[in-house]
Amino acid sequence: MGNGQARKETMKTITTSIALGALIFGGAAVAGDSPAPKNAYLYIGWPNNGEVIRKNNFRVWFGLRKMGVAPAGIEKPMTGHHHLIIDAPLPPMDEEIPADKNHIHFGKGQTETRITLPPGTHTLQLLLGDHDHVPHNPPMMSQKITVTVK
Amino acid sequence: MKKYIMVTTMLAALIPGLVIAGDSPAPDNAKVYFIWPKNGATIKGGKFWARFGLRNMGIAPAGTEKKFTGHHHLIIDAELPPFDEEIPSDRNHVHYGKGYSEGRVKLPPGKHTLQLVFADHNHVPHNPPVFSKKITIYVPAN
């Protein structure tokens with residue numbers, strides 16, 4: 001528990017530092033090239049943080065406010081597509097988001113999905129990527145939530 | 001109007017080429033629905049974020065032509081538009097051409113209907129048309 005907590009705190013510090021870096025250095029920030037609106041907001045509609053889910057296959061809703069979704073490959077300002085990060089920390093903010101079992105891409109412009117997770121505690125986080133799967137500037141990420149699958 | 005829509009949708013399912021709908025295909029299991037508000041909701045103040053659900057299709061901004069994608073349209077206090085035409089753009093037909101999956105709605109006191117229609121890059125409904133149930137919400141008087 002101690003290790004996980006320490007890692008969480010470190011991640012929090014890193015994320016905050018990156019955000020601060022983006023704010024302070026603007027153009028020189030460790031982030032991609034595609035701008036995101038300042039008041040846009042990314043969130044996981046469901047499940048909620050701390051949710052206990054009594055089946056291992058469930059739907060996840062992606063919420064995005066004041067910014068649009070576009071499929072991967074479509075370059076249009078102030079748009080992006082969703083990536084769901086499962087049981088992993090945020091990837092580097094200035095690189096293409098990897099595609100593997102912990103980083104699921106929704107390049108077709110989907111706004112929800114169904115996932116299957118084994119019983120236990122899991123973390124979920126949304127990260128928006130631009131047409132090249134690179135996070136925006138500033139990066140658009142949701143709160144990282146923890147759910148328990150029973 | 002309801003019968004017309006039912007017959008059209010049934011025809012769309014049975015006779016694809018003959019249907020009175022647009023050119024962009026949609027998967028048979030595509031669905032748009034309201035995540036919020038729910039049918040019958042009472043919303044004090046009349047201001048809320050309507051959240052749009054989409055299943056088995058993706059969002060693309062208006063003007064972007066990509067198979068099995070489209071963008072949301074919210075119909076407020078009006079009937080469904082014709083399925084073979086560009087959806088009009090006025091205070092009863094709100095377009096979310098920037099690819100939004102939610103929108104801020106402000107309604108005066110009274111009873112209101114809301115319905116979602118998905119449409120392609122040209123604002124024309126898909127084939128078969130993808131639209132939600134029509135829901136009714138209430139905004140109490142101040």
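User: Where does A:K66 lie?
Analyst: A:K66 sits in the loop between β3 (57–65) and β4 (68–69) of chain A. Strands here are DSSP runs of E, at least two residues, numbered from the N terminus. This is a predicted model, where local features need pLDDT of at least 70, side-chain atom pairs count only at pLDDT 80 or more, and totals for chains, interfaces and linings use all residues. Residues are numbered from 1 along each chain as its sequence is written, chains are lettered from A and ligands numbered from 1 in the order in which they are written, and side-chain values use heavy atoms, leaving out hydrogens and water.

User: New topic. Which residues are joined by a cis peptide bond in chain A?
Analyst: A:N137 and A:P138, with omega about 0°. A:P138 is in the loop between β8 (120–129) and β9 (145–149) of chain A.

User: And which are joined by one in chain B?
Analyst: B:W36 and B:P37, with omega about 5°. The loop between β1 (31–36) and β2 (47–55) of chain B holds B:P37.

User: What about phi at B:N56?
Analyst: B:N56 is not a glycine, yet its phi is positive, about 65°. B:N56 lies between β2 and β3 (58–59) of chain B, in the loop. B:N56 is partly exposed, because its relative accessible area is 43%.

User: And phi at B:F68?
Analyst: Positive too, about 65°, and B:F68 is not a glycine. B:F68 is in the loop between β3 and β4 (69–76) of chain B.

Conventions. Helix = DSSP H or I, 4+ residues; strand = E, 2+ residues; numbered from the N terminus. Buried < 20%, exposed > 50% of the residue type's maximum accessible area, 1.4 Å probe, protein only.
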